[in-house]
Amino acid sequence: MTFDELNLMPRLLENVRKAGYTEPTPIQQAAIPLVLEGRDVLGCAQTGTGKTASFALPVLQRLAEQRSRRPEARVIRALVLSPTRELALQTYENFELYGKGLPLQSAVIFGGVGQGSQAEALHRGADIVIACPGRLLDLMGQGLVRLDWVEVFVLDEADRMLDMGFIHDVRRVVRALPERRQTLLFSATMPGEVEKLALDLLTDPADVKVDPVTSTVEAIDQCLYYVDKSNKKRLLAHLLQEGKPETTLVFSRTRHGVDRIVRELKKAGIEAAGIHGDKSQNARQTALKRFRDGDCGVLVATDIAARGIDVEGLSLVVNYDMPMEPEAYIHRIGRTGRAGREGKAVSFCCIDEVKQLNQVEKLIGRRLREEKSDWPMEVTTPSEKKPREPRPARVSASGEAAPRRKASPAPQAPAKTAQRAPAPRTPGRQDVRRGSGSGSRRPSPLGRPVRRRNPGAGKGGRTR
Ligand code: AMP
């Protein structure tokens, strides 16, 4: 099936083509016609399946084609609730990408940062709002958000929302929505609580189900190296020199990391190009062209920069840093082994990343095969988090620098630094999992693991 067969408007087809998508994914094939018809949809799909476009494209089309219920003012016509700020941002970016050229404004709302610019964006007017529930309720409480004219409500990752304890927040938001609306609910799993929520929220919904994303990556050969942060560069150079993969995409968590890795590889005599958000569009295009043309076999990228670039037939994906969000692992490694080609994905994990590794393994439902190298993990004490630097001055609504916040006092106790284990040894998996304070679980007084709430999705907020 092609996108042309989905009855999408020319502008959306153009934007999808520009995003590099050639054919709709199964969830898009199933959901887009239903949403365009105005049906409520209960979608069982995970991030990584193309789920966002499956609702964003038809929602954009409906809003562009239909008259607003309140045409005299710009009001919120579509609300997407996301459990985490990362997902909210990603969804917002997708709406921006797919909706380019349409007369529709989007805004994103999430906690953890000042609310000024978010409130401002709402004041200017947004047709589509992507929000985390905590901050949305805050702004609603302050009278800065009204949901009376919402035509489409999307509840994304409902199971995660419930896991994170947002069920009451979600229900409070729903109470502020008009009765007459289209509702789309997406969830990776359908536990009883999500089914109950679906029954309450949806009217005669169409069920759409696609295989969990994890099954699509099962064909990829995935392995893991425990390695100290300082030795990752050596291990990477070694793997590239030994295996001589034709094309390699290396993922770094930060922009500085991208530049550093490119420098280190060059020192080791390996040609590499880097792309990240600080580079100009031109520099990014040049790097990508060099990689595509085979002038350099290694591309180093951040998750955000790598999103949207479609590089076919990668021989190797390297998770130089473990991703902060487990779903990003699937996105990353999904870039290898495409179109029936064999692919390989390698992850580097230092002691500070064991928590992220655990989350990835939980998501894919299995342990990654562990490989040994000449650089086994020797540092087995997690590094202490540095106290946060005060934020740089922000710009107020009038364009002037807002006053700096007082920096929090330095901690009393001297910060511990990472210690080397006395004898070099690679910790067994159990050692790493249990011995680390950075594991994904911390002991509760009852001796059972306690889930941590997502710190970003609660109070506070920032906009883009
Ligand atoms: P999502 O599940 O929405 O997070 O999407 C996962 C990734 O797939 C994102 O990087 C999208 O840009 C990409 N994507 C979405 N739809 C398609 C498509 N039809 N063809 C290729 N890539 C897609």
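Helix 12, residues 255-267, lies across strand 9 (248-251), strand 10 and strand 11 (298-301). Its direction runs at about 175° to that of strand 10. One caveat before I go on: this is a predicted model.

Now the sheet under that helix. Seven strands make up an open sheet, and the order is 10-11-9-12-13-8-14. The pairing is parallel. In general, strands of a sheet pair through backbone hydrogen bonds, either parallel or antiparallel. Which strands stand at the edges? Strand 10, at 272-275, and strand 14, at 369-370; each has a single partner strand, so one side of each is left without a neighbour in the sheet.

Strand 14 pairs with strand 8, residues 221-226, in the parallel sense, over two bridges. In that pair, L224 stands opposite E370 of strand 14.

A further helix on this sheet is helix 15, residues 326-333. Helix 15 touches strand 8, strand 9, strand 12 and strand 13 (344-349). The angle between the directions of helix 15 and strand 12 is about 155°.

Staying with strand 12, residues 316-319, I want to pick out N319, which is found in that strand. Is N319 buried or exposed? It counts as buried, because its relative accessibility is 0%. Leaving aside neighbours within four places in sequence, N319 is in contact with F251, Y329, R332, I333, V346, S347 and F348.

Next, helix 6, residues 133-141. After helix 6 comes G143, with a positive phi near 75°.

Last, a helix pair. Helix 2, residues 26-37, packs with helix 3, residues 51-65, at an angle of about 25°, and their axes are 8 Å apart. The two are therefore roughly parallel to each other, the cut-off for that term being under 35 degrees. Their crossing is right-handed.

Which residues make the contact? From helix 2, they are I27, Q28, A31, I32, V35, L36 and E37. From helix 3, they are K51, A53, S54, L57, P58, V59, Q61 and R62. By class, the contact residues divide into nine nonpolar, three polar and three charged.

Methods: Residues numbered from 1 in each chain as written. Predicted model: local features only at pLDDT ≥ 70, side-chain atom pairs only at ≥ 80, totals over all residues. Heavy atoms only, no water. Axes fitted to C-alpha atoms, helices over the stretch in contact; angles between N-to-C directions. Helix = DSSP H or I, 4+ residues; strand = E, 2+ residues; numbered from the N terminus. Parallel < 35°, antiparallel > 145°, perpendicular 65-115°, else oblique. Left-handed = near helix turned anticlockwise from the far one by under 90°. Contact = heavy atoms within 4.5 Å. Nonpolar A, V, L, I, M, F, W, Y, C, P; charged D, E, K, R; others polar. Buried < 20%, exposed > 50% of the residue type's maximum accessible area, 1.4 Å probe, protein only. Pairing = 2+ DSSP bridges.
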